[in-house]
Each structure stands twice: as C-alpha cells, then as structure tokens.
Amino acid sequence: MSIAFKPEETFRGDYRYRNSDAAILRFPFPFPEDRYMYSVNIEPHTRSGPSDVYLHAFDVDEHYIAECRDKAITLERDPGRCQVLPHMMMAQWDTLELLMESLSADYPALFSLTKEGDDFGSLWTWINRPLGIEQRFVFGDAETLPCEPFEYITRQAQGDFAICDQRDDNLYMDAGMVTSQADWSLEFDVGMSFMEWHGPVPLAHQTGVFERALKYLLMLRLGQPVRRLNWTMSINPRLDTSPESYPEWGPDRASVTPANAGEKVHLRVELQTLWRLPRSNAILFPIRCYLASLDDLARVPKWGKRLHRVLSTLPPQLVEYKGLTRYLPAALEWLAQRDDGAELPVGTAAGVTRLNAPVSG
Amino acid sequence: MIGQTLRLKVAALTDIAPSLRHVRLVAADGGKLPPAAAGAHIQLVLAGPGRSFRNAYSLVSRPGARDAWDIIVRRVPTSRGGSAYIHEALQAGDTLEASWPGNLFAPVRTARRHLMIAGGIGITPFLSYLADFAMSGGEHALHVCCREEEKDVFAPWLAGRSGVAFHWDADGHRLDSPALLAAPPAGTHLYVCGQAAMNDEGIAAAAAAGWPASHVHCEHFGAALVGGAAFRAFLAKSGIEVQVGEDESLLDAIERAGVAAPCLCRGGACGVCAAPLLEGEAEHRDHFLSPAERNAGRLIMPCVSRAKGGRLVLDL
C-alpha cells in the first residue's frame with residue numbers, strides 16, 4: 001500500500017499536524033488494562049502485533065516527510081542534539097547498514113540500496129525517494145558522506161536513536177540523535193551508564209525493573225530485536241519537547257481547559273526497539289514517537305474510555321514525573337464525559353474498523 | 001536483519017594440522033549471511049550417534065563478512081561427539097543448522113590498547129580481533145602460546161597482521177606472563193583465551209600486577225546459553241509429562257507438548273512465564289525471582305531455569 005505523505009504538516013508554530021483515520025486506527029495504543037504501572041514489558045520485535053506499526057523493522061508513516069523536516073529544523077537550531085563519542089564509529093556504520101537494508105527491503109517503492117560489495121570499502125548507492133536523495137558513497141569511509149554516517153541516516157528516519165556501547169556488564173549511552181524526546185536531554189545523558197540515565201524514573205527502581213532489564217539487554221542477540229512501548233502526554237503535536245527548548249512548550253501546559261483539551265492534549269507513545277549491532281556489538285535503541293489527540297483517541301470508544309480510567313488511577317508520582325499535573329484535571333473532565341463505565345476487554349486492539357465521527361466541538 | 005536460525009552449507013574443509021580442521025560455511029540458499037563482530041561465535045547443530053550436539057565455534061573470518069564464515073575446529077580427544085563429527089563425518093556440500101552469531105567476548109571499544117594472550121586453539125577469537133583492529137586502527141599486541149610445530153598453522157589468517165608473537169615450550173621461547181603484565185599501562189585491556197589453567201594463570205598474574213578487574217577479559221564459551229542435563233516435568237493441571245532435552249528449555253518442552261504457557265522475553269527477565277512449582281527443586285537461572293522467592297521454592301521461570309533433580313511438578 002502506498003503512503004500518502006503530508007509534507008505540509010508542522011510540529012511547531014501553527015501545528016498543522018493531523019492524523020488521517022487510517023493513522024488513528026493503527027495508533028499503538030499502550031494500555032491493555034484500566035490501570036498502568038511500570039513493568040519489564042519487553043517482547044520480541046517480530047513482524048507482527050496488534051497494530052500494523054509493528055509490521056516493519058522501522059515503521060514509516062504519512063508523517064515521514066514532515067517529521068524529517070522538523071528534525072532538520074531542530075538540528076539547525078541546536079546541533080548538539082546529535083552527538084557521537086569517538087569510539088562509536090563502527091556502531092555508526094552498523095546503524096547506517098541496518099537502516100538502509102531494512103528500509104529498502106520493507107519499502108522498496110520508497111528506498112533503494114545498491115551495493116557493489118558488503119565489506120568496508122565497497123561502493124554503495126542509496127536512494128530515498130520521499131526526500132529526493134541519491135547518494136553514492138564508500139561503506140566505511142565517512143569522508144564520502146555529507147556528514148558522519150549515524151547523523152546521515154538518522155536524519156532520514158522518523159524518531160530518535162541512541163546507541164549504547166556494551167562494556168563492564170553495563171550499557172553506556174555513547175551516541176544519540178535526539179530531536180523528538182519526552183523532556184530528556186542527550187547533552188546531559190551522553191556517556192551515562194544504564195542506571196545513571198534511568199536515575200530520575202520514580203517507583204520502578206524499587207521493584208528492580210532496571211536491574212532485570214539491564215541483565216536482559218546485555219544478552220540481547222543479533223537478529224532478535226525486542227520492543228516495548230512507553231508513553232507520556234504532550235500539549236500540542238510537538239516533537240521537540242526537550243529541556244533545551246522548554247520555554248517554547250512548557251507554558252502551553254497552562255493553556256488547557258476542559259473545552260479545548262480534546263484538541264490540545266495528545267497521548268505520546270514511544271515504540272522503543274532494541275537491536276544488537278553486528279560489528280560493534282553495541283545496542284541500537286530507536287525511539288519512534290506517535291502522537292494522537294484526545295479527539296483522535298475518543299473516536300475509538302474503547303481507547304477513550306480506557307485512557308480516562310488509566311489517567312484517573314495513575315499514581316501521583318507518575319503524574320508528576322510525566323509532567324501532567326497542571327492539565328490532568330481538565331483532560332480528565334473532558335474524558336469523563338466519554339466514559340460510560342462499561343467493562344472493556346483486555347488488550348490494546350481498537351475493536352473497531354471504522355472511527356466514530358469527530359467528537360470535539 | 002531478523003532471524004534465529006540459519007541453514008549453512010559446507011563450502012570447503014581443510015586439515016591445517018593433524019588435529020585442526022578449517023571449515024568454510026556459506027548460506028545454504030546462496031544468499032548473504034548476517035554480518036558478525038570481532039569475537040563472535042556461532043552454534044552449530046551436529047548430528048551424532050543417537051542425538052545431536054550443539055557446539056559453539058568462534059568465527060575467524062573478518063568481521064562483517066557476509067559471503068562466507070570460517071571456523072577452525074580442534075579434534076578434542078575426549079570429544080562427546082561434536083568435534084569428532086566435524087573431523088570424521090562432515091563433508092563438503094553437507095548442510096547444517098546454525099544459530100545467528102552471538103558475542104560474549106567483544107573487544108572493548110574505549111580501550112587505548114588491546115593486549116591478547118591466546119593458548120593454542122584459543123587464538124580463534126583473536127583472528128577476528130586482528131582483522132577488526134586492522135580496519136579500525138586499534139593499537140594491539142597478540143601473544144600466542146602453542147606447540148612449536150603449530151606456530152605456522154594460522155599463517156593464512158595472519159598475513160599482513162602486525163603485533164603478533166609466538167611462544168612455545170622451549171628455553172628462550174616461553175611467555176613470561178608476569179613480565180608481560182607488570183605495570184599495566186593506563187587504558188590497556190587484557191584478553192585471555194585458552195585452556196582453563198592458562199586463563200586462570202593469566203587472570204591471577206594480572207590481578208597480582210594491579211590490573212583492574214574491569215580491564216581483564218576471558219572467553220567463557222556458552223556459559224549463558226540454554227541447556228543442561230535432561231529432566232522430566234509433570235504438568236499437573238494438564239496431566240501431561242514432558243521430557244526436557246539437554247538442548248532445549250523447559251518452556252520449549254511445555255510448548256512442544258501443546259500446553260499454552262504465557263511468556264514474553266524468553267530470557268529470564270520479564271517474569272511473565274513464572275510458573276507455580278509444586279514438587280522438585282529448581283536450578284534457577286533467571287534474573288527475575290528474588291532470593292526470598294528462590295528460597296521459598298514455589299516458583300520457576302521455565303524459559304531459562306531447569307531441574308536440579310530429575311523431575312519437577314508444575315501447576316500448569
């Protein structure tokens with residue numbers, strides 16, 4: 001199926017981002033039950049799942065062109081959003097190879113990769129049709145690309161990417177391309193160990209979630225990527241909710257009212273995948289962000305009701321950590337009007353194939 | 001690049017010494033192999049008399065090679081079947097099942113310098129290290145301890161490589177480990193791979209000379225992989241008894257019997273497959289159960305854990 005891109009969308013200023021009906025129906029809704037708590041919710045990233053966002057190694061959707069443009073704007077304003085420590089060059093080429101091979105295999109109408117060989121020193125030709133790019137370069141020779149290989153390829157992909165080097169039975173965030181983050185800073189975290197960069201998360205440390213997750217990831221195998229969903233909320237469909245740009249988006253939290261919550265408040269879901277990289281033995285950590293407004297979500301009755309129940313029972317520490325405190329009452333008031341209290345089936349599936357009419361007004 | 005097992009075809013077999021056989025493997029379907037890192041190994045499933053063996057071998061091909069993989073197999077005199085099979089039965093053109101590459105012995109990318117000590121066939125992971133350092137420019141030295149007549153056996157993999165020294169058991173040729181490891185230079189990482197006694201000696205000499213443990217690495221082949229002694233498990237709710245083979249997990253056996261068992265990570269971390277244990281003692285290998293839960297003996301994670309005795313009873 002061909003993708004109808006929407007290059008006119010924006011993720012700042014006039015916020016011209018909109019989900020098509022199809023995009024809402026494939027939204028990776030993260031709540032299988034009426035309550036939410038942290039767990040090691042990791043599962044194999046096979047080409048299957050309850051939404052078709054799981055069907056490809058790296059999902060490309062209707063927002064691709066607009067998201068790549070927004071990433072370029074953020075990088076131009078703050079080049080520090082892409083950082084790579086010097087020992088990560090092998091991992092940079094691993095990332096480029098994995099993305100180019102996966103995208104060209106999964107979306108042959110959009111991307112193509114032609115190789116004269118597989119080894120370093122071989123001439124490769126990369127074509128990215130949606131962005132109008134054709135690049136001939138020597139695999140393994142960074143001088144033949146317009147920028148270093150990790151930045152080059154992640155500028156052409158939706159979502160954020162971190163690379164974790166594995167040593168001393170630990171993982172270190174030694175590279176990143178981070179322009180659509182839920183209020184964390186690569187500049188602050190770069191070089192940190194797994195426990196250090198997870199330090200601020202409330203409640204999960206006490207239950208040992210991070211010890212287990214780290215041990216599991218240290219054994220992550222080549223060819224067997226895994227995935228999990230994480231979530232938070234954002235006001236307006238904004239990708240760049242970074243600490244560095246907080247003055248541009250933080251005050252929006254005060255603009256939410258029960259009347260405009262449906263349009264303003266967005267559920268922000270991250271499809272996080274983890275890949276063992278073949279040459280460097282590092283782990284690639286893509287964080288793919290999906291945004292849907294309460295208006296969008298309430299068009300799937302099960303999702304609107306479940307979101308109301310999850311948010312109204314969320315532990316106060318999580319409300320604070322996720323930054324929801326200011327506008328949660330208004331969002332709950334909006335959602336409560338659309339929750340009849342009916343029992344909902346366990347699972348994240350939408351349960352409908354067509355959406356209700358838009359509900360806001 | 002998603003997959004778990006591969007079909008490989010033996011492209012060539014060469015005896016490079018009386019007890020060493022070089023095996024070249026290609027994808028059975030004629031396609032590309034996944035790239036692999038320095039220090040990586042594959043597991044081969046080898047048919048033996050009455051059962052199959054799952055043996056791990058270091059890849060000695062250059063990292064990232066996708067046309068063919070090379071391994072070197074020593075004929076173990078007390079072989080339980082795997083190396084004997086490769087030396088006696090395997091033929092060019094045969095196909096084998098293999099795992100995707102794993103890596104429990106990758107070089108440390110932040111090291112300023114890499115110092116490697118190999119004993120005999122323990123040179124194999126370092127052959128791919130040398131190829132990696134030739135590409136990435138890592139400063140390095142490799143000391144190989146072997147029999148004098150075997151020192152030229154690895155020449156095809158060492159052509160053009162620098163920083164390699166051979167040692168053997170004769171006056172003037174033995175490796176003086178304490179001298180080599182004295183006064184560890186800042187930022188140097190030490191890697192040892194050989195027989196257990198040599199590994200232990202190298203690690204002890206490094207510790208005595210003041211090397212930080214975080215800078216000393218030793219290849220532990222297959223230590224973290226599934227498998228162990230076979231045992232039986234009775235699934236009380238289902239009324240089914242399953243036999244758990246040496247090379248499969250309890251979870252695999254439960255699934256093979258057609259009993260639905262919830263699971264997620266299959267690696268002992270998530271806790272989803274934790275099953276009530278009614279009888280028998282578990283050998284816990286997971287990262288999920290607390291010490292108190294293990295001591296209570298009422299739960300087991302069948303994705304990785306096994307039986308200490310011959311039989312378990314699960315409430316499944």
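Q: What makes the largest nonpolar core a core, and which residues touch the most other members?
A: This is a predicted model, so keep that in mind throughout. A nonpolar core is a set of buried residues such as Ala, Leu, Ile, Met and Cys, joined through C-beta atoms within 7 Å. Here the largest such set has 74 residues, and those touching the most other members are A:Ile163, A:Cys164, A:Ile283, B:Ala233, B:Ala275, B:Met301 and B:Leu312. Helix α3(A) gives the largest share, nine residues.

Q: How do you know what B:Ala275 touches?
A: Contact means C-beta atoms within 7 Å. Leaving out residues up to four places away in sequence, B:Ala275 touches B:Leu299, B:Ile300, B:Pro302, B:Leu314, B:Asp315 and B:Leu316.

Q: Which residues does the second, separate core include?
A: Among its 52 residues are A:Leu222, B:Trp69, B:Ile117 and B:Ala206.

Q: What makes β6 and β10 of chain A a pair?
A: Two strands pair if there are at least two bridges between them. Five bridges join β6 (160-167) to β10 (283-293), so they count as paired, and they run antiparallel. Within that pair, A:Ile163 stands opposite A:Leu284.

Q: Why are β1 and β2 of chain A called edge strands?
A: The open sheet of seven strands is ordered β1-β8-β9-β10-β6-β7-β2, with antiparallel pairing. Both β1 (43-44) and β2 (82-84) pair on one side only.

Q: Which strands does helix α3 of chain A lie across?
A: Helix α3 (89-106) lies across β2, β6, β7, β9 and β10 of chain A, at about 135 degrees to β6(A).

Q: Why do β9 and β11 of chain B stand at the edges?
A: In chain B, five strands form an open sheet in the order β9-β8-β7-β10-β11, with parallel pairing. Strands β9 (164-167) and β11 (216-218) each have a single partner strand, so one side of each has no neighbour in the sheet.

Q: How do you know that β7 and β8 of chain B pair?
A: Pairing takes at least two bridges. Seven bridges join β7 (113-119) to β8 (139-145), so the pair qualifies. B:Gly119 stands opposite B:Cys145 in β8(B). Helix α2 (124-136) of chain B packs on this sheet, touching β7, β8 and β10.

Notes. Residues are numbered from 1 along each chain as its sequence is written. Chains are lettered from A and ligands numbered from 1 in the order in which they are written. This is a predicted model: local features need pLDDT of at least 70, side-chain atom pairs count only at pLDDT 80 or more; totals for chains, interfaces and linings use all residues. Helices (H or I, at least four residues) and strands (E, at least two) are DSSP runs, numbered from the N terminus. Two residues are in contact if their C-beta atoms, placed from the backbone, lie within 7 Å. Axes are lines fitted to C-alpha atoms, for helices over the stretch in contact, and angles run from 0 to 180 degrees between N-to-C directions. A residue is buried if 20 or more other C-beta atoms lie within 10 Å of its own, exposed if 12 or fewer, and partly exposed in between; C-beta atoms are placed from the backbone.
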